[in-house]
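Please work through the exercises below with the sequence and the model side by side, and try each task before reading its solution.

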Amino acid sequence: VQLQASGGGLAQAGGSLRLSCAASTRTLSAYKMAWFRQAPGKERTLVAASMWTDTYYADSVKGRFTISRDNAKNTLYLQMNSLKPEDTAVYSCAAGPPATINWSTGHIYWGQGTQVTVSS
(Lines give C-alpha, C1' and ligand atoms only; values in the text may rest on other atoms or scores of the structure.)
Protein backbone atom coordinates (compact mmCIF):
# COMPACT_ATOMS: atom_id res chain seq x y z
CA VAL A 1 0.00 0.00 0.00
CA GLN A 2 1.33 3.39 -0.97
CA LEU A 3 0.19 6.45 0.98
CA GLN A 4 0.42 10.05 -0.17
CA ALA A 5 -0.22 12.77 2.40
CA SER A 6 -1.04 16.34 1.44
CA GLY A 7 -2.73 19.46 2.73
CA GLY A 8 -0.11 20.78 5.09
CA GLY A 9 0.92 24.40 5.16
CA LEU A 10 1.02 27.52 7.24
CA ALA A 11 -1.90 28.51 9.44
CA GLN A 12 -2.47 31.06 12.15
CA ALA A 13 -3.35 30.04 15.66
CA GLY A 14 -7.06 29.39 15.82
CA GLY A 15 -7.20 28.51 12.16
CA SER A 16 -7.93 25.26 10.37
CA LEU A 17 -6.28 22.87 7.95
CA ARG A 18 -7.40 19.60 6.44
CA LEU A 19 -4.89 16.90 5.68
CA SER A 20 -5.54 14.17 3.15
CA CYS A 21 -3.91 10.79 2.73
CA ALA A 22 -4.55 9.07 -0.58
CA ALA A 23 -4.04 5.30 -0.53
CA SER A 24 -3.22 3.09 -3.49
CA THR A 25 -5.36 0.25 -2.18
CA ARG A 26 -9.00 -0.21 -3.18
CA THR A 27 -9.74 -1.83 0.17
CA LEU A 28 -9.03 1.03 2.54
CA SER A 29 -11.83 -0.21 4.79
CA ALA A 30 -9.74 -3.28 5.60
CA TYR A 31 -7.00 -1.22 7.22
CA LYS A 32 -6.68 0.59 10.48
CA MET A 33 -5.61 4.09 9.55
CA ALA A 34 -3.80 6.66 11.62
CA TRP A 35 -2.19 10.07 11.66
CA PHE A 36 1.11 10.67 13.45
CA ARG A 37 3.12 13.81 13.97
CA GLN A 38 6.71 14.59 14.77
CA ALA A 39 7.86 17.96 16.00
CA PRO A 40 11.51 19.01 15.71
CA GLY A 41 13.60 17.25 18.31
CA LYS A 42 10.71 15.13 19.51
CA GLU A 43 9.53 11.58 18.97
CA ARG A 44 6.77 10.70 16.55
CA THR A 45 3.44 10.46 18.35
CA LEU A 46 0.05 9.08 17.47
CA VAL A 47 -2.49 11.83 16.85
CA ALA A 48 -5.59 9.93 15.76
CA ALA A 49 -6.60 6.50 14.52
CA SER A 50 -9.64 5.03 12.82
CA MET A 51 -10.96 1.52 12.31
CA TRP A 52 -14.55 0.94 11.23
CA THR A 53 -16.60 3.07 13.66
CA ASP A 54 -13.90 3.26 16.31
CA THR A 55 -11.71 6.33 16.61
CA TYR A 56 -8.88 7.32 18.90
CA TYR A 57 -7.53 10.77 19.62
CA ALA A 58 -4.55 11.90 21.62
CA ASP A 59 -5.61 14.02 24.56
CA SER A 60 -3.84 17.03 23.09
CA VAL A 61 -6.12 17.11 20.03
CA LYS A 62 -9.45 15.88 21.39
CA GLY A 63 -12.28 18.21 20.47
CA ARG A 64 -10.16 19.99 17.87
CA PHE A 65 -9.14 17.33 15.34
CA THR A 66 -11.39 14.89 13.49
CA ILE A 67 -10.21 11.81 11.66
CA SER A 68 -12.37 10.48 8.87
CA ARG A 69 -12.11 8.36 5.79
CA ASP A 70 -13.80 8.05 2.45
CA ASN A 71 -13.40 4.40 1.56
CA ALA A 72 -14.86 4.96 -1.90
CA LYS A 73 -12.12 7.50 -2.62
CA ASN A 74 -9.47 5.50 -0.75
CA THR A 75 -8.64 8.61 1.23
CA LEU A 76 -8.05 9.36 4.90
CA TYR A 77 -8.56 12.85 6.29
CA LEU A 78 -7.59 14.83 9.34
CA GLN A 79 -9.60 17.99 9.93
CA MET A 80 -7.65 20.22 12.26
CA ASN A 81 -9.48 23.13 13.89
CA SER A 82 -8.50 25.61 16.57
CA LEU A 83 -4.87 25.08 15.68
CA LYS A 84 -2.21 25.93 18.22
CA PRO A 85 1.50 26.66 17.73
CA GLU A 86 2.26 23.39 19.52
CA ASP A 87 0.51 21.54 16.67
CA THR A 88 3.46 22.48 14.45
CA ALA A 89 4.98 19.23 13.19
CA VAL A 90 5.41 16.94 10.23
CA TYR A 91 2.24 14.88 9.93
CA SER A 92 2.30 11.38 8.44
CA CYS A 93 -0.37 8.84 7.72
CA ALA A 94 -0.10 5.12 8.30
CA ALA A 95 -2.06 1.97 7.50
CA GLY A 96 -1.98 -1.30 9.39
CA PRO A 97 -3.93 -4.45 10.13
CA PRO A 98 -7.31 -3.96 11.86
CA ALA A 99 -5.99 -5.01 15.27
CA THR A 100 -2.96 -2.73 15.21
CA ILE A 101 -2.08 -1.27 18.59
CA ASN A 102 1.70 -1.02 18.38
CA TRP A 103 2.47 0.94 15.25
CA SER A 104 6.20 0.35 15.64
CA THR A 105 6.05 -3.29 14.61
CA GLY A 106 4.24 -5.49 12.12
CA HIS A 107 3.02 -4.78 8.64
CA ILE A 108 2.67 -1.02 8.77
CA TYR A 109 2.65 1.18 5.72
CA TRP A 110 3.80 4.79 6.02
CA GLY A 111 3.25 7.80 3.85
CA GLN A 112 5.66 10.66 3.51
CA GLY A 113 5.09 13.57 5.84
CA THR A 114 3.44 16.90 5.23
CA GLN A 115 4.57 19.96 7.18
CA VAL A 116 2.08 21.85 9.31
CA THR A 117 3.24 25.15 10.77
CA VAL A 118 1.04 27.16 13.09
CA SER A 119 2.03 30.73 13.85
CA SER A 120 1.02 32.55 17.00
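Predicted model: local features only at pLDDT ≥ 70, side-chain atom pairs only at ≥ 80, totals over all residues.

Residues are numbered from 1 along each chain as its sequence is written, and side-chain values use heavy atoms, with hydrogens and water left out.

**Exercise 1.** Determine whether threonine 75 is buried or exposed, and list what it touches.

Solution. Begin with the place of threonine 75, which is in strand β8, residues 75-80 (strands are DSSP runs of E of at least two residues, numbered from the N terminus). Finally, leaving aside neighbours within four places in sequence, threonine 75 is in contact (heavy atoms within 4.5 Å) with Ser20, Cys21, Ala22, Leu28, Ser68, Arg69 and Asp70.

**Exercise 2.** Determine whether glutamine 12 is buried or exposed, and find its contacts.

Solution. Glutamine 12 lies in strand β2, residues 9-12, and counts as exposed because its relative accessibility is 62%. Leucine 83 is 71 residues away from glutamine 12 in sequence, yet the C-alpha to C-alpha separation is 7.3 Å. Not counting residues up to four places away in sequence, glutamine 12 touches Leu83, Val118 and Ser119.

**Exercise 3.** Describe the largest nonpolar core and say which residues have the most contacts inside it.

Solution. A nonpolar core is a set of buried Ala, Val, Leu, Ile, Met, Phe, Trp, Tyr and Cys residues joined through side-chain atoms within 4.5 Å. The largest has 28 residues, and those with the most contacts inside it are Trp35, Val47, Phe65, Leu78, Met80 and Tyr91. Among the elements that give two or more residues to this core are β4 (32-38), β5 (45-51) and β8. Apart from it lies another core of 6 residues, including Phe36, Ala49, Trp103 and Ile108.

**Exercise 4.** Work out which element gives the most to the lining of the largest pocket.

Solution. β5 gives the most to this lining, with 3 residues. The lining residues of the largest pocket divide into 5 nonpolar, 4 polar and 4 charged, where Ala, Val, Leu, Ile, Met, Phe, Trp, Tyr, Cys and Pro count as nonpolar, Asp, Glu, Lys and Arg as charged, and the others, Gly among them, as polar.

Technical notes. Helix = DSSP H or I, 4+ residues; strand = E, 2+ residues; numbered from the N terminus. Buried < 20%, exposed > 50% of the residue type's maximum accessible area, 1.4 Å probe, protein only.
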